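Dear colleague,

Please find below the structure that I am handing over to you, together with its sequence.

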Amino acid sequence: MKQFIIVLKHSVIDRKTKRIIFIVNTSCFIWNYANNFYYPEAIESYEAILNAKEVKTDPYVFAIYACTQGRILFEDQQHEKSIAIFKKCSKIKYERGEMYLWRPALSYLYLKKYENAMKSFKYFWDRRTSREFNGAEVTMAFLGQGYCATKLKRHNEAEKNFKQAELTKSGEDIPSVPFFRMIAAYDRGSKKETFKYLKIVMKRIKSVEKLVPFLQDKIVHDARYLKHDWRNVLDVVSDHSRSLFSNPEADVHQFKTYRNSSLIVLCLLNKKYDS
């Protein structure tokens with residue numbers, strides 16, 4: 001990386017062209033690390049870029065790289081560092097970067113700092129001018145706010161957010177709203193509503209073969225903050241599995257296998273990231 005910067009410094013092309021070449025080449029190089037889950041290598045490389053003169057002297061270019069660094073730190077579950085770098089990005093006008101400003105809120109959820117998460121969500125909505133948002137991101141933000149309000153015992157506020165998520169959901173998001181409502185009902189201690197929303201989830205997902213990847217997608221991607229509730233989620237499904245699954249004998253066994261393996265993996269990940 002340093003050699004690449006030196007070549008740019010001593011080449012005869014103008015400064016603007018150097019910067020463009022620098023951005024394009026380094027982005028391709030480092031995203032190869034990030035896309036293959038080599039997060040430490042990607043983080044180290046982006047740190048070098050952020051400290052390069054060509055980047056740190058240009059706020060817009062700095063914001064481009066800093067937002068990406070914040071996203072990688074988020075994926076690597078370095079939430080405090082991710083929050084800090086997104087705070088720097090938020091001070092720079094970079095429209096494309098606005099679509100990532102919900103990440104600090106999710107980081108606060110992961111850290112169980114629910115009041116900070118709600119403030120961060122509000123900041124995200126207030127700053128939102130970009131046209132690059134998609135329905136899935138907006139739905140996820142509403143669901144995150146609903147979850148956060150549930151943890152703060154602000155159940156009316158939680159329900160308002162779940163209703164907003166219902167209006168923006170599409171495609172793969174469709175079972176997500178009743179799923180989060182199920183978690184909220186469990187948190188309130190309402191067994192009746194917990195089962196009610198679980199039945200809606202299963203009605204929309206239709207089979208245990210589709211339920212497993214749906215659950216797995218939640219716990220390994222943007223809803224990783226659900227790790228604090230994960231055993232409860234799996235136990236609720238297990239407790240009602242015989243009345244939910246179309247082929248109880250085979251489906252119950254399949255789900256139990258997933259439940260056990262999921263909890264083992266989650267335990268190992270918690271030891272890795274919480275140590």
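**The contact of H11 with H12**

Pro178, Phe179, Arg181, Met182, Ala185, Tyr186 and Arg188 of H11 meet Glu193, Thr194, Tyr197, Leu198, Ile200, Val201 and Arg204 of H12, where contact means heavy atoms within 4.5 Å. By class, this contact of H11 with H12 has nine nonpolar, one polar and four charged residues; Ala, Val, Leu, Ile, Met, Phe, Trp, Tyr, Cys and Pro count as nonpolar, Asp, Glu, Lys and Arg as charged, and the others, Gly among them, as polar.

Please note that this is a predicted model, in which local features need pLDDT of at least 70 and side-chain atom pairs count only at pLDDT 80 or more, while totals for chains, interfaces and linings use all residues. Residues are numbered from 1 along each chain as its sequence is written, and side-chain values use heavy atoms, with hydrogens and water left out.

Helix H11 (residues 176-188) and helix H12 (residues 191-205) pack at an angle of about 165°, and their axes are 8 Å apart. The axes are lines fitted to C-alpha atoms, for helices over the stretch in contact, and angles run from 0 to 180 degrees between N-to-C directions. H11 is thus roughly antiparallel to H12 (angles under 35 degrees count as roughly parallel, over 145 as roughly antiparallel, 65 to 115 as roughly perpendicular and the rest as oblique). The crossing of H11 and H12 is left-handed, a term used if the near helix is turned anticlockwise from the far one by less than a right angle, with right-handed used if clockwise.

**The chain and its core**

The chain has 16 helices and zero strands; helices (H or I, at least four residues) and strands (E, at least two) are DSSP runs, numbered from the N terminus. Of the 275 residues in the chain, 48% are buried (buried means under 20% relative accessible area, exposed over 50%, partly exposed in between, with a 1.4 Å probe and protein chains only). Among contacts between residues at least 6 apart in sequence, 60% join residues at least 24 apart.

The largest nonpolar core holds 81 residues, of which Phe179, Leu215, Leu226 and Trp230 touch the most other members. Such a core is a set of buried Ala, Val, Leu, Ile, Met, Phe, Trp, Tyr and Cys residues joined through side-chain atoms within 4.5 Å. Helix H5 (residues 59-75) supplies the largest share of this core, nine residues. In soluble globular proteins, nonpolar side chains tend to be buried together.

Phenylalanine 179 is in contact with Val201, Phe214, Leu215, Lys218, Leu226, Trp230 and Val233, leaving aside its neighbours within four places in sequence.

**The surroundings of H5**

H5 and H6 pack at an angle of about 160°, with 8 Å between their axes. The two helices H5 and H6 are therefore roughly antiparallel to each other, and H5 passes H6 in a left-handed crossing. Residues of H5 in this contact include Phe62, Ala63, Ala66 and Cys67, and those of H6 include His79, Ser82, Ile85 and Phe86. By class, the contact of H5 with H6 has nine nonpolar, four polar and three charged residues.

In H6, the residues His79, Ser82, Ile83, Ile85, Phe86 and Cys89 are buried. Helix H3 (39-50), H5 and H7 are included in what covers the buried residues of H6.

H5 and H7 pack at an angle of about 25°, with their axes 11 Å apart, and this makes H5 roughly parallel to H7. Arg71, Phe74 and Glu75 of H5 and Arg103, Leu106 and Ser107 of H7 make the contact. By class, the contact of H5 with H7 has two nonpolar, one polar and three charged residues. The crossing of H5 and H7 is left-handed.

Lysine 93 lies in the loop between helix H6 (79-89) and H7 and is exposed, with a relative accessible area of 55%. The C-alpha atoms of lysine 93 and alanine 63 are separated by 8.3 Å, although the two residues are 30 residues apart along the chain.

Lysine 112 lies in the loop between helix H7 (103-110) and helix H8 (114-127). Phi of lysine 112 is near 65°, a positive value in a residue other than glycine. Lysine 112 counts as partly exposed, because its relative accessibility is 47%.

Lysine 153 is placed in the loop between helix H9 (135-151) and helix H10 (155-168). Phi of lysine 153 is near 65°, a positive value in a residue other than glycine. At 56% relative accessibility, lysine 153 counts as exposed.

With kind regards
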